[in-house]
Amino acid sequence: MTPAFTPRPSQEQILRYTGGRLGIAAVPGAGKTHILSALAAKLIQEGRLGDDQEILIVTLVNSAVDNFETRIKRFFDNPLQALYKYRVRTLHGLAHDIVREKPASVGLDERFSIIDEREAGFIRRESVNAWLASHSLDDYLDPALDNSKRDWVKRQQLPDLLDSLALAFIRSAKDRLLTPEKLRQQLDASFSPLPLAELGYAIYADYQRALAYRGAVDFDDLIRLALTLLENDNEFRERLQYRYPFILEDEAQDSSKTQERILSLLSGGEYGNWVRVGDPNQAIFETFTTASPELLRAFIRENPSVDMPESGRSQPSVLALANHLIDWVMNSHPDPNVRTALSTPYIVPVPENDPQQNPPDNPEGIKFISTKYTPEQELEAVAKSIKGFVDSFADFPIEEQPTIAVLVPRNQRGVEMVNALRQRDIEPIELISSTSETRAAAGALSHLLSYLSEPGNARKLAKAYEVWRRDWREKGVENSEVESGKLEGNYSTTQLLNYSTALLRRMANVENFIAPQNANEWLSILSESEPVQVIEELTQFRVNVQRWLNAVTLPIDQLILTLAQDVFSSVSDLALANKLALVLRSAADDHADWRLPELTAELAVIAKNERRFIGFSDDDSGFDPEKHRGRVVVTTMHKAKGLEWDRVYMMSVNNYDFPSNMPNDRFISEKWFIRGGLDLAAESLAQLTALESTSEYDWYEEGAATMRSRLDYVKERLRLLYVGITRAKRDLIVTWNTGRQGEATPSLAMSELMGWIEGE
Amino acid sequence: MLNLSLLQRQIIESPLHSRLFVTGMAGTGKTTAGVERIRFLLEQGVPADSILLLTPQRTLQEPYLELLESPNRMAGGEVTPATIGGLVRRMCDLFWSFAAEQAGFLNPELPPIFLTLETAQYYMAHLVRPLIEEQGYFESVTIHRNRIYSQIIDNLNKAAIVGFPHTEIGTRLDSAWFGDPAQRNVYADAQKCANLFRQHCLENNLLDFSLQLEVFTNILWHNQQVRNHLTQSYRHLIYDNAEEDISCSHDIIREWLPDLDSALVLYDQAAGYRKFLGGDPTSGWDLSRHCEEVIEMNESFVSSGNVIQLSNALTTAITHTGEVDSQGTETAMEFIVSHFHPQMLDEVTTKIEMLVANGVPPDEIVVLAPYLSDSLRFSISNRLETAEIPWRSNRPSRSLRDEPASKTLLTLAALAHPQWQVHPPKFDIAHALMFALNTDLIRAQLISEIVYGQRDLRLSTFDQINPETQERITYALGERYSILQTWLEEVRGSEPMPLDFFLRKLFGEVLSQPGFGFHENLDSVRVAASLVESIKKFRTAMEPLNLNGVDLGQEYIEMLKDGVIAALYLESWRSEDKHAVLVAPAYTFLMMNRPAAFQFWLDPGSDGWSQRVSQPLTHPYVLSRSWDETPGRLWLDADEAANEIETLSRLTSGLLARCREKIFPALSDLGAAGFEQRGALLKAFQKVLQNQQAEQ
């Protein structure tokens, strides 16, 4: 073990692990990745792996994959010692690995492709529309609706409602390993009518047919098929069990039942070597999944376990606040049914000798603003506060500037906040949906394609040049002169970049540069007046452009990979380019009449973030707040998981976004136009459950699921609040608003915490 | 004369009445002996046309062609180079009347129509598509439709190759299956489709490969007249790479052997690379019992001692059969390691440049990958071109639909046939002009923006362009454009002709002329020829059916667009410039029967080196003759794993047997797609490396 790592007491306990199951409940900022890396390194160093064996590290997002790789390597003097001794995968990546080994066993062809959530959304939407065109949901509409309103609802509201129902239903069916055929059999055998399950089935079957036609599977299929393979093929499972003698799982609170089952099978069941680290208090889900913090809690309860309560992230007052939230929920929440939302351990500060010390205590850093804002006023107030704060350190050197984030409950609210900040001349960093890296990379490729579809356009060529030299530009923002020494002559890279760009943009006839004929060669004319290194730079660029133009006849996926190999060097960019290539290839396959211009437009849409582009994981690549000191990050609370900032604003903490199951609470999933305020998605899942159950006591009772779903939502929202609070290192500012109808109140938890702070 | 070993001489000069079975690893000089045996036979006055050269696949004949095609060859006709498929087809054509009725064809008095893979695919699509769309066939598989069609055809072929009735395909596959029961019904579906297709063939005199084979093996081969014809035509047989051929081919040769004056059967013990295509080394080996003498060749003429060491070490590491002995392997391999894929390709190119600079002939260098994607081929060839190193590439598995040359031809065809109502977008016109007129995309786009009217599918004349733009386009290019434009206008005004005629004319009169894109562009010429050939075959297969009102050219284009006949593969198996660096998939290189001094193995981390192609509707092993049909015998994961190990060790030892000096495994931490790769081959290399270090 390298001496640089000083384990905390709980970490020491974990490092004594030699085998079997181990459950670890960690608090926010406890250093889960670090301890798992250390444990992996230790197991390798102790020689616990045989021939062809690897430690399997499972994590939530791709960015964490890289994180692990770097950290584990640090434990070895010679990286060869750890070569191929471990494998870091997301659950989807792991499922893909598994399915990829034997696709035919689960009915997949060699060239099966994986569609991203956006394309899946398109296909699902088509299935939903097809269903609506031939069926009616009138039985579920509020009978009090008059005809014109009813028509409006059907046109404007039902497609979205059904879409989210279909999403939940399909995911849940896949999680239960139910294919449309199996589901059909169960529906045929059912005695009671289950109209929502019939509806879900019809859309599911249609959706699945559409996928098969494309030779594609979605992310949930990957998980389902991997589990099917493991359950059906004993020898294959044993082969994998041998390959992975240790499984270390990070963010285990987010695993669904199916995912848990996959790891359980891989680890060889009850006596397998399976270490699960997670924080049940941070189990938050943006869309419907079957994940539940209870799964990890049960694992921790039933197996040897260790707590990791120390965290050096936040100042003690923030920790105390978070701990009080746990306390209040567990013991005093007015609805006893939600008291399981949060659980101990409490967070404790790190010991004195720890290298990462908590920031100094500052009770003044926490502010609950009780003012009754309208939504617009809340935006104004927060923007104003931020403006004042940003101005206060504007003259500081960059490394002394703080990190700042605004956390909002929903995307739409984030967009509003971004606009409010822009009005005050603050350009925020959006973490609302796809990350800026995705957009930057997709944007870069989109510029190149845009040029290639109109190669005579000088403006686009200049843009392509900037893309080609994007490394210079990105570095240029932070330290523009660093590279200048590497060049002969007097130009810094930034100057060279800007100068060359301007020359390219002004060029009259691009063909005289790219494909010169006779005496018109642009560069030789240019060389009479321009410095040598500019000519050299442009000559070098031209070689690349000529290569790209030759590649234009390649199929789109290969064209993109070719371009990516020229302009990207970072792991995440290359991986991303591959994903984009796949997305565009399937777009091209599905639209035979699309050519480069149409495909470029599609890529531009992804790049502009108008539609969400998601790769193999829920998140794209890692976001590091430290790289954005002095800037303001706007993000949903969900996306903020795993991140930390010096100052955090939490907005909209009212009883609409954070209900408590009190009589005056309203629920987002209960639509006013549905009779009895039924939560149709929840009801459809309940019908699915009834269908699957063999117990005669397990019948479907309308409305019960809606009530249960309220509880789940209330609990998830409490955890979301907990996650939000624990993002703050020094300052935490919480506000609320009265909602669109003007009748919302502060969330119960906010009132409780506010009162507690005042009493302290 | 070559420097031949005693053993080789013995084989070559064996009596004119001898049947020899020669076995040995690759590189022991078997093929050389085969070539020289033919020369010897000819020198002894054996008439060339009584000699049959049989190989499982045409690429394997390459080493023989120099002799067979040499201008100073002997009189007396020509040696017949053949594959069993070619032979069978000829016999079916020749003796159709003997077999038609017995085989169950509905109209035996009408001539047979031979189907190519793509025309078979076309008919299959017509029959199966309604079943998928209306009756829910193949619902549990996730697969493109064209792959469904091709796998059903594959099943029929396998039944014919192995020699079991095609009606047993489904039950055979089903009996070996375990696992998710939801998948099981696809085999029944596949069976029903195979039956339907066969019935359709019998009703319309259509003969796909499987039916040709069955007609021959079940009927013609037992017909005395046919047998006499064959045995009288061919008195001497050279049968190379017998281990790669299909079972029924071995059956035929076995029965034929006693009738021949002489036979030389060459067999590579360690090969068997075509197993997944129906190759059956076991039945091939059985031929040794029917030859008078079995000769074993052990000494490698190719590999250096260190390469042999490396081969042994790798095989041990792959098969886990003991301690890996890495001694002496250092000089036989040199790793090229980089972080990113493009860097790796750069380093490979640099290395090749160094080798060539040091006097290594380019044809002694091969660049191999488990699977050569367009992108990879493009990336490598571009780098080699920049470095001014000649290269060639074999692409047996690339669809014509994706070839710029054929796209160009088809776009121009659409312009000449407005009645098709195919309106290419401007973008396609620009690409077609770029390619056809041999210019850059910028100028091509400049022209097409001005001259092309998408609605009436017309190109306006160059004269109508304003002088300034004409100058930008250049007059030389304008002249070429005008020739093409005038030509297209003329064709539009004349009598319609079959599409293949049209393309031939377009090619001959315009595109192959100096200055145009196909002029001396051998690669494109090959593509054009393949396209014309494919259209011609399509027309020959369709014309007899008298489909009224169907424009076959238009129908062809639609099928191509649908991908139904995208199974059409380029037959670029012979390259004109043989003195070039070969860039090819590993198996293609193996099937070329020639060694090289230096081999670059790209992406040793890829699973493609060991894993077979996934095909949910068929199974190369279950549908093979060696499959044990004991009830209850399942294809298990252990079979799969064992098969992967065997495949990989055969592949690596086969490649190394064709390597004189050194291999360069070229690895990037991240594959072209940005993902980490660590397949079985890489792990085996790692073990060899570890032991090298330990031994040091």
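Colleague: This is a predicted model. How many residues of chain B are in contact with chain A, and how many of chain A with chain B?

Modeller: On the side of chain B there are 53 residues, and they are in contact with 54 residues of chain A.

Colleague: Which elements of chain B give two or more residues to the side that touches chain A?

Modeller: They are α15 (341-357), α16 (374-386), α18, α19 (441-451), α26 (637-657) and α27 (680-695) of chain B. By class, this side of chain B has 22 nonpolar, 17 polar and 14 charged residues.

Colleague: Helix α18 of chain B also packs with α17 of chain B. At what angle do these helices pack?

Modeller: Helix α17 (residues 404-416) of chain B and helix α18 (residues 426-436) of chain B pack at an angle of about 115°, with axes 9 Å apart. The crossing of α17(B) with α18(B) is left-handed.

Colleague: Which residues make that contact?

Modeller: From α17(B) come B:P404, B:A405, B:K407, B:T408, B:T411 and B:L412, which meet B:D428, B:I429, B:H431, B:A432, B:F435 and B:A436 of α18(B). They divide into seven nonpolar, three polar and two charged residues.

Colleague: Turning to chain A, why is α7(A) called roughly antiparallel to α8(A)?

Modeller: Helix α7 (residues 180-189) and helix α8 (residues 195-213) of chain A pack at about 155°, their axes 10 Å apart. Angles over 145 degrees count as roughly antiparallel, and α7(A) is therefore roughly antiparallel to α8(A). Their crossing is left-handed.

Colleague: What makes up the contact between α7(A) and α8(A)?

Modeller: A:P180, A:L183, A:R184 and A:L187 of α7(A) meet A:A197, A:E198, A:Y201, A:Y204, A:A205 and A:Q208 of α8(A). The residues of this contact divide into seven nonpolar, one polar and two charged.

Colleague: How many residues of domain 2 of chain A are in contact with domain 3 of chain A, and which helix gives the most?

Modeller: In domain 2 of chain A, 24 residues are in contact with 17 residues of domain 3 of chain A. Helices α6 (147-175), α7 and α8 of chain A each supply at least two residues of the domain 2 side, and α6(A) gives the most, with nine. By class, that side has 15 nonpolar, seven polar and two charged residues.

Note on methods
Residues numbered from 1 in each chain as written. Chains lettered and ligands numbered in written order. Predicted model: local features only at pLDDT ≥ 70, side-chain atom pairs only at ≥ 80, totals over all residues. Axes fitted to C-alpha atoms, helices over the stretch in contact; angles between N-to-C directions. Helix = DSSP H or I, 4+ residues; strand = E, 2+ residues; numbered from the N terminus. Parallel < 35°, antiparallel > 145°, perpendicular 65-115°, else oblique. Left-handed = near helix turned anticlockwise from the far one by under 90°. Contact = placed C-beta atoms within 7 Å. Nonpolar A, V, L, I, M, F, W, Y, C, P; charged D, E, K, R; others polar.
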